[in-house]
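Here is a structure to read through in questions and answers.

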Amino acid sequence: MNYRILAINPGSTSTKIAVYDNDKQILVKGIDHNTADLEKYDRVQDQFDMRKSEVLKVLQENNIEINTLSAVVGRGGLLPPVKSGAYLVNDQMIDRLKNRPVIEHASNLGAIISYEIARPLGINAYIYDSVAVDEFKDVARLSGISGMDRESLSHALNSRAMAIKYAKENNTNYSDLNLIVAHLGGGITVSVHEKGKMVDIVSDDEGSFSPERAGRVPCKKLIDRCFSGNYTHKEMLKMIRGKGGIVSYLNTVDVRAVEKMISEGNKEAKLVHEAMAYQVAKSIGELATVVEGRVDAIIITGGIAYSKMMTANIKKRVEFISKIEILPGENELESLSLGTLRVLNKEEEAREYQEASLAKA
Ligand SMILES: Nc1ncnc2c1ncn2[C@@H]1O[C@H](COP(=O)(O)OP(=O)(O)O)[C@@H](O)[C@H]1O
Ligand SMILES: CCCC(=O)OP(=O)(O)O
């Protein structure tokens, strides 16, 4: 059977799409959205029409008729906790993402755009390995404040795909290994995978700062700033997501630009670069305790894993824990498409999204 799959990955500044004929990629395209254009929208949800029409335009320009599609898959957004793998997009999921997302995030549009393209065609829309994949053990949920549990929000799609790829390349099974995966992109999350389950993470507000996020910051100082009267709620959120991390020190989110500054002798750039590596290493060390030190490998992935300077600085601090595998870039469009192909081929089953039955069902 031949299947054609459209994969959609909305990010903070771009929408990446790919079309696969079975496991063969026939189109890949990153649609960049102008920052000034995006700032016109109050909520992520308001960008729906603009992003959907850009996706359809790219398909048209590349002579891909939408009625040749077999399924559409979007990066799963900030839902309440879900399991790993595929979910069929349904009205309940759309209602949640449109009206009550756990956090405003571009990936919330993945399911919505997919659904709106798929529905008139009479085909299914899916999400795969959502940001909200939650396989935490109970002990991982406590934050230290009753009623304020930790949340499993991570780069699950790329992190799980890289962990599975590592296992395959080493002729073993994901479910036989303990792995730590550090995803280093515009946001950074680090996850620990114990025998095929992502049992804990260090999220993008619990660990390292990243190009555009603050990571863990001193709580008391943050509270004082919130109540200083100088900032709105929206401005404070932006300070930790969007305008935090590297950009707050160096006015760029591009690690390549930071490395150029370092090569030109900029000492602050060197310190910030080193501090990020130092913080990522601390997150890896923290998660090694979850599996009591029995770590088969540490995988470093994401766009920043292309940086030899960054990976070397992380490696020197964590190689005492386990061997290091560098798998640069992010494989999200391929992971979405191939996951959906497995569903279409009936090798995997897509779950039904139901609000009440979430992660523990
Ligand atoms: N060759 C490279 N060397 C250093 N950093 C890189 C390289 N390629 C990409 N990056 C950095 O990776 C980051 C983006 O990573 P990516 O995984 O694409 O993130 P996102 O999908 O969150 O935007 C940017 O900071 C970019 O500068
Ligand atoms: C919350 C984890 C997912 C995430 O932040 O994704 P991006 O880095 O792509 O924004």
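Q: What does the domain assignment of the protein give?
A: This is a predicted model. Its domain assignment has two entries, one of them made of two stretches of sequence, 4-132 and 333-360. The other entry is the stretch 138-330.

Q: How far apart are the C-alpha centres of domain 1 and domain 2, and how many residues does the contact take from each?
A: The C-alpha centres of domain 1 and domain 2 are 25 Å apart. The contact takes 17 residues from domain 1 and 16 residues from domain 2.

Q: How much area do domain 1 and domain 2 bury between them?
A: The size of an interface is often stated as the accessible area that is lost when the parts come together. Of the area buried between domain 1 and domain 2, 47% is on carbon and sulfur atoms. The total between these two domains is about 1,300 Å².

Q: Which three residues supply more of the area that domain 1 buries against domain 2 than any other three?
A: The share of these three residues is 29% of the area that domain 1 buries against domain 2. They are D129, V131 and S335.

Q: Which residue forms a salt bridge with K16?
A: Between domain 1 and domain 2 the count is three salt bridges. A salt bridge needs a side-chain nitrogen of Lys or Arg within 4 Å of a carboxyl oxygen of Asp or Glu. In the pair with K16, the closest N and O atoms are 2.7 Å apart, within that limit. The partner of K16 is E330.

Q: Which residue has a side-chain N or O atom 2.6 Å from an oxygen atom of ligand 1?
A: Ligand 1 is surrounded by 14 residues, the closest being G186, V253, D254, V255 and G303. G186 has a backbone N or O atom 3.0 Å from an oxygen atom of ligand 1, and V253 has a backbone N or O atom 2.8 Å from one. The side-chain atom at 2.6 Å belongs to D254.

Q: How many charged residues are in the shell around ligand 1?
A: By class, the shell around ligand 1 includes five nonpolar and five polar residues. The number of charged residues in this shell is four.

How values were computed. Residues numbered from 1 in each chain as written. Chains lettered and ligands numbered in written order. Predicted model: local features only at pLDDT ≥ 70, side-chain atom pairs only at ≥ 80, totals over all residues. Heavy atoms only, no water. Near = heavy atom within 4 Å. Polar contact = N/O pair within 3.5 Å; in protein donor to acceptor, adjacent residues only side chain to side chain. Nonpolar A, V, L, I, M, F, W, Y, C, P; charged D, E, K, R; others polar. Domains from an automatic or database assignment. Contact = heavy atoms within 4.5 Å. Buried area = accessible area lost by both parts, 1.4 Å probe.
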